Amino acid sequence: MVYGKYLNEDDGSVDGSDDGSDDGSDDGSDDESEGEEENKIYFLPNSGVSQSSTLTWDGVVMPASNAVDNNTETQSHTECTTNNWFRYNLNRTSKVESVLIINGKTNYNYFRLNNAKVSAVEADGTKHFCGRISVRSTQSIKGQTYTIYCNNAVADYVEVFLDKNCLELKEIKVYGKYLNKDDGSDDGSHDGSDDESEEEERDVE
């Protein structure tokens, strides 16, 4: 055994103290904070939005950009044809947790969003079905909000698809986090093989 005292380096004196502040102990607080950071969900900004067509009504043009302008007094609006879609391009490949959509601007056409399908889509076109909006007659209020969960599906853009009706959105926001491409771990991806079979079970009201 060796006995002695610690040297106080400031003045050369011996203080004999040892507060254990640098004893290598770890209370796990850093691990906990890292875990909280990993689980955080963020707003994912777009690198551009587009839609299948654009309606002009009484001289007012309703482009896709109206759905991401943070102004609920405007809205995007396609022509009232078939196979209508809205695309929200992500800045980079991401794990999409959820999509928030605010329904049409006026009370009389709130029902048009019924059966709209939301998907997280990869760059190669592979679609991961997130959910389908189901509008009930009791929801005839201005600006009904829906949240559709995508369960961290890996995607490069989010698509809202609606057949046989006008597609109009007051606002759309996408939440999740950027994919860590360095190690590929916990990429949140799934093969989408059961996407279509889950449609009935994952309707959003």
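**Note on the predicted model**

1. Arg 87 lies over the face of Trp 85, at 5.3 Å from the ring centre. A second ring is also involved, for the charged end of Arg 87 sits over the ring of Tyr 157, 4.2 Å from its centre.

2. The overall make-up of the protein chain may be stated next. Its secondary structure comes to one helix and twelve strands. Of the contacts between residues at least 6 apart in sequence, 78% join residues at least 24 apart.

3. The surface and the interior are described by two further values. The protein chain has 205 residues, and buried residues make up 36% of them. The chain exposes about 12000 Å², of which carbon and sulfur atoms supply 44%.

4. Which residues have the most contacts inside the largest nonpolar core? They are Phe 86, Val 96, Val 99, Ile 101 and Leu 113, within a core of 29 residues. The elements that give two or more residues to this core are β6 (84-102), β7 (117-121), β8 (127-133), β9 (145-162) and β11 (171-178). Strand β9 provides the largest share, eight residues.

5. With neighbours within four places in sequence left aside, Val 99 is in contact with Val 118, Tyr 146, Thr 147, Ile 148, Cys 150, Val 158, Ile 172, Lys 173 and Val 174.

6. The structure holds one aromatic pair. The rings of Phe 43 and Tyr 175 have centres 6.0 Å apart and planes at 65 degrees; the pair is therefore edge-to-face, since planes over 60 degrees apart count as such. Phe 43 belongs to strand β1 (residues 42-43) and Tyr 175 to strand β11, so the pair ties together parts that are 132 residues apart in sequence. Phe 43 is partly exposed, at 41% relative accessibility. Tyr 175 is likewise partly exposed, with a relative accessible area of 25%.

7. Is Glu 159 buried or exposed? Glu 159 counts as buried because its relative accessibility is 7%, and buried means under 20%. Its place is in strand β9. The side chain of Glu 159 makes a polar contact of 2.7 Å with the side chain of Lys 127. Leaving aside neighbours within four places in sequence, the residues in contact with Glu 159 are Trp 85, Phe 86, Arg 87, Lys 117, Val 118, Ser 119, Val 121 and Lys 127. Two of the names in this list, Trp 85 and Arg 87, belong to the arrangement in which Arg 87 lies over the face of Trp 85.

8. Thr 126 is found in the loop between β7 and β8. With a relative accessible area of 30%, Thr 126 is partly exposed. Its side chain is joined to that of Asp 124 by a polar contact of 2.9 Å. Apart from neighbours within four places in sequence, Thr 126 is in contact with Ala 120 and Val 121. Thr 126 and Val 154 are 28 residues apart along the chain, and their C-alpha atoms are separated by 10.0 Å.

Terms used. Residues are numbered from 1 along each chain as its sequence is written. This is a predicted model: local features need pLDDT of at least 70, side-chain atom pairs count only at pLDDT 80 or more; totals for chains, interfaces and linings use all residues. Side-chain values use heavy atoms; hydrogens and water are left out. A nonpolar core is a set of buried Ala, Val, Leu, Ile, Met, Phe, Trp, Tyr and Cys residues joined through side-chain atoms within 4.5 Å. Buried means under 20% relative accessible area, exposed over 50%, partly exposed in between (1.4 Å probe, protein chains only). Helices (H or I, at least four residues) and strands (E, at least two) are DSSP runs, numbered from the N terminus. Contact means heavy atoms within 4.5 Å. Accessible areas come from the Shrake-Rupley method with a 1.4 Å probe; for residues, only the protein chains shown count as cover. Rings of Phe, Tyr and Trp (its six-membered ring) pair if their centres lie within 6.5 Å; planes under 30 degrees apart count as stacked, over 60 as edge-to-face and the rest as tilted. A charge sits over a ring if NZ of Lys or CZ of Arg is within 6 Å of the ring centre and within 35 degrees of the ring normal. A polar contact is a pair of N or O atoms within 3.5 Å; within protein, one must be able to donate a hydrogen and the other to accept it, and residues adjacent in sequence count only if both atoms are side-chain atoms.
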